[in-house]
Number of protein chains: 2
Amino acid sequence: MPRITFSPFEKTIDIDGSRNILQLAREAGIPLQSTCGGKKICGKCKVVIKKTDGPLPPSSAREQKVLGGYSEKGYRLACETVLSHGAVIRIPEESRLKPQVILTSDTEHSYPVRLRPNVSPHYVEVSPPVLDSVIADRQRLLIALEKTYGIRRPALDPFVLRKLPHTLRSDREGVTVAIRSKDEIIDLYPGRRDSLFGVAFDVGTTTVVAFLMDLITGDRLSVKSAMNPQIAIGDDVITRIAFCRENTGGLEKLRISIVECLNALIAEAAAEAGIDPDEIVEATVVGNTAMHHLFVGLDPHYLPMAPYPPVLQESQDYKARDLGLNIGASAYVHLLPLKAGFVGSDIIACILATGLHRSKIPTLLIDLGTNGEIVFGNKNRMLCCSTAAGPAFEGGHIRWGMRASSGAIERLKIDQEMLDVRWETIYDQRPSGLCGSGIISAIAEMIRAGIILGRGNFDKGLQTPRLRDGEDGPEFVLVWASEAATKQDIVITQKDVAAMQMAKAAVNAGATLLMEQFEGEEVERILLAGAFGNYVDPEDACTIDLFPGCLTAKVVGVGNAAGHGSCLALLDKNKRKEAERLAQKIEYRELAATTRFKELFVSSMFFTSARDFEDVF
Amino acid sequence: MPRITFSPFEKTIDIDGSRNILQLAREAGIPLQSTCGGKKICGKCKVVIKKTDGPLPPSSAREQKVLGGYSEKGYRLACETVLSHGAVIRIPEESRLKPQVILTSDTEHSYPVRLRPNVSPHYVEVSPPVLDSVIADRQRLLIALEKTYGIRRPALDPFVLRKLPHTLRSDREGVTVAIRSKDEIIDLYPGRRDSLFGVAFDVGTTTVVAFLMDLITGDRLSVKSAMNPQIAIGDDVITRIAFCRENTGGLEKLRISIVECLNALIAEAAAEAGIDPDEIVEATVVGNTAMHHLFVGLDPHYLPMAPYPPVLQESQDYKARDLGLNIGASAYVHLLPLKAGFVGSDIIACILATGLHRSKIPTLLIDLGTNGEIVFGNKNRMLCCSTAAGPAFEGGHIRWGMRASSGAIERLKIDQEMLDVRWETIYDQRPSGLCGSGIISAIAEMIRAGIILGRGNFDKGLQTPRLRDGEDGPEFVLVWASEAATKQDIVITQKDVAAMQMAKAAVNAGATLLMEQFEGEEVERILLAGAFGNYVDPEDACTIDLFPGCLTAKVVGVGNAAGHGSCLALLDKNKRKEAERLAQKIEYRELAATTRFKELFVSSMFFTSARDFEDVF
């Protein structure tokens, strides 16, 4: 059987001529980029055919267009190429998935923690067995718990019972019992013990963060993060859901991949803190609805189909072992509530973390991760919606867009006279593309410099070699090939601007629609959650009209608010009830159901701060 | 590395000179008999060394004594022989564990069944999702259940939730929901469904029986039985507990072996009934306390140590998946309550099945499986105890004792004049030994023929070649070598009679002690539970004074009452409460704690119906 070897990973896979190189790379676990998930849109999955045992199929017209002169150097698009002969295929540097800058920290805008953990230690001394009446080990422990603490008949599952006989007979005096909600024993320890550990997760479409916490002191013992390994299947939620629909066992494959990722983070965090993962007595998880469903193993098949119903909404408590999480054998995992198919527990956690639901200040909360979710309101009333912003904010569908990894331009300045460009890149590497904040910075600067006009078109009258005609129409050169890591000019094309106009119009229209429902309430505060919100310059965001209210409101990044909300729910059981209540209270608006959204979307396409704004109307 | 091949099983195992042949055979899963579990007592583990790559170690004195002339034919005792060279070892016919006759049926003495299953089907029609308010699949199902049946918010675990989206959207109208105790959904089926299945287990030390039942009709769809595979570790409970204590991972090994056995029975029974094991929505399990603990994975370490405390006593409901049972993913297994370290849920189930706890008739219930448990009482008051009867009733420690398998003598007659012997064997094969009922029949007949006197000694004055001196003192030949499958004389030795005297004295003394507590209450009914009780001749049992009350009471075998009790609890949830109440009500007497038991034991050693009874005192 012919085989393909992926270089430099030295992984080999059998081929039968039925799958393209992208599919083979995924199967072999090769970190090959593909923003569109194999839909033949993004052009990011470039590979180089180094050796082949037979003739190659001819390049498609799209491949030739995307690859230009590179196709002569052996470059191909993995999603377009099906090989029937053995070959050696190199994944070039620029096509590899790289570790992303992941936001793990919260900010001063986070809600403070009060320590009321759901699992707490209880020390008891248990009477020894006597001969004249048979009292089982379990019964003796329960008698001691009732006598000492008034706790009546908590449950013990088989995994705790298995520890019982030896723990009762250790050479230390007494037993410490980890009790959950006064109704179940989660673990047993010989002698006295004061520390109990928990782990809070934020499961994003792109990144996953684990916070290992001491439930008694509230100390953060370790924070570990990783890329969501489901990225190998597709960057966005829709691609992954399609994968479940189209592949037998696809759901289980995605479920296992995220569970393994969480387990790897648990192991890393526990090792760093010097504890055993088995000592973790509880976990909390937040994530968008699709990530939640994939983690639990619930089929997300119907999420992208109107009326977008999730399988469930309420918060859930499951045995961690039932979901495959490697923490204490009897520990529970608490999943915060979901609101809708595209408003998940990550948004509920953001509200919890920022205290929006307890504040009088009318606040707009925007989370632009892979999806765009928006909340507006205050303690009296809250509305939320989800906008199909598309992947532009994460560099998708943008010619030189890339993830926020090493070499990505995150911010730039354009000299308004000379139109020279200066940039800042992640880790100060030579630029190889633009991450989300870089794209917004570029477009905002191009607006300020008069390069981009109100409708989004380029001012072709400008005299500069940077403005030229390219394959997709006019384009502006930000970085010349000689300065770039890629040895190609890095440009913003007319098409890129159009993609960003669509994306920002979706967000702006969604936010405006929510705000319209609160007559007389002006937004006073705009909170930007997530990595994007933390790195984007609020002024840039206002220049491109990403959201309404820029003139009056204070705009602040609130960091990984979802992760902080997960920690709050881990450390304070009252926050779980609060989350459940706020999830019920918040009103969801389905944008697809309104014509008003379409009107707002169209009128939000323009750049109102552009110099020629007057011309637009 | 040198290797041993076991013939005729064609299994091979590496050796390092550290383990004896019995240990190696167990590890390789060879069905080699060993009643004593390797303690060098029983002499049942005879093997033949066929080929060897080096010199053999010399036979021990015990081997020479046990094997006699056979040692010259290459016979060895597996437990005594450690090889350091490769070899081919044959397991001779007589040393192989054979399928045992297992009692699966109940009798007319069983309590009738009323159908009140704990899981029942509910058909509902669920409203489709609508666009203007997000109602999750789970919520829509719960609304329909509340509206149709008034059932409020039953739980759904992740395994049921995983089936939910597709089941709600099948092409059949409505959904059938299997609901347990009105508080949890166990399974979902598209359309209407009326049948639900359950499985009841009786887990004995020697045998395991599974009853696959239709929960709606009460029909018994299939009954399957197997030897308890833990027999490979040791025939009796104490040997297995010692194995857990002495071997790291020993408990887990025994747990897995019984779980695999139950799963194999489930698969067989389901295949016979034409259903999928996944369709089984509930299981019940009864067994003695050690079997219960090993099945749940609870360390039985402290069971054989005074004051013999079990890890727990109450009935338990666990998710079947947590115990590794392959039935419905969300199904529960109900474990009936235990009373004491040596009075398990099998006895509680026997009481349930015979209705002893609801009857006015003073009844003695005796279960002589591997252990001897005794109950005396009626609906007003019940007492129970456990006697260390030893393995004699199952053929252990008896020279020609064997399991109730093909070729075992189960009953015999001795001509009182000529002292000729006629016998009945299982499956009418040539005799190869005596099973429990055969041993009792032999001793009873020998008493009636005057061969055995009141003290248990042989009447040496009898003129017959059958009575002779053997290795262990006097012995009586039941079967001559020419008539036996073994080509050796089958005898009852003086030592065998002594072993049976100890065993029957333990049972008689235990029963007498319980009866003494009920002044004025005469036993009217003696119920013999289990295989032994079903096959032993009540008259033989009375002749050897196995229990008191023979003269006044009616003696009946009640079949596999434990198994029937397990079925009752499966089909009628009220029987579970009844079992829990009766387990609390029944009073346990620890015989080890009383001097009265010792007195009774000594005075029960004799045979009161022997012709020379007058001589004894």
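Predicted model: local features only at pLDDT ≥ 70, side-chain atom pairs only at ≥ 80, totals over all residues.
## A tour of chains A and B

Along its principal axes, the C-alpha trace spans about 100 × 70 × 45 Å. How does the radius of gyration fit a compact globule? Chain A has 617 residues, so a compact globule would have a value near 25 Å; the chain has 27 Å, which agrees.

Next, look inside. Of the 617 residues of chain A, 53% count as buried. Then turn to its contacts between residues at least 6 apart in sequence: 69% of these join residues at least 24 apart.

Move to chain B and select residues 436-448. This is helix H11. The helix has 13 residues, and at 1.5 Å a residue it should span 18 Å; its end C-alpha atoms are 18 Å apart, so the two agree. Is H11(B) mostly covered or mostly open? It is mostly covered, with 12 of its 13 residues buried. Among them are B:Gly436, B:Ile440, B:Glu445 and B:Ile447. Step just past the end of H11(B) to B:Gly450, which takes a positive phi of about 80°.

Finally, show both chains and find where they meet. Chain B gives 37 residues to the contact, and chain A gives 37 residues. On the chain B side, select helices H3 (137-149), H4 (158-161), H5 (164-168) and H9 (320-323): these are the elements that give two or more residues. Colour that side by residue type. You will find 24 nonpolar, five polar and eight charged residues.

Notes
Residues numbered from 1 in each chain as written. Chains lettered and ligands numbered in written order. Rg over C-alpha atoms; globule rule 2.2 N^0.38 Å. Buried ≥ 20, exposed ≤ 12 C-beta atoms within 10 Å, placed from the backbone. Contact = placed C-beta atoms within 7 Å. Helix = DSSP H or I, 4+ residues; strand = E, 2+ residues; numbered from the N terminus. Expected span 1.5 Å × (residues − 1). Nonpolar A, V, L, I, M, F, W, Y, C, P; charged D, E, K, R; others polar.
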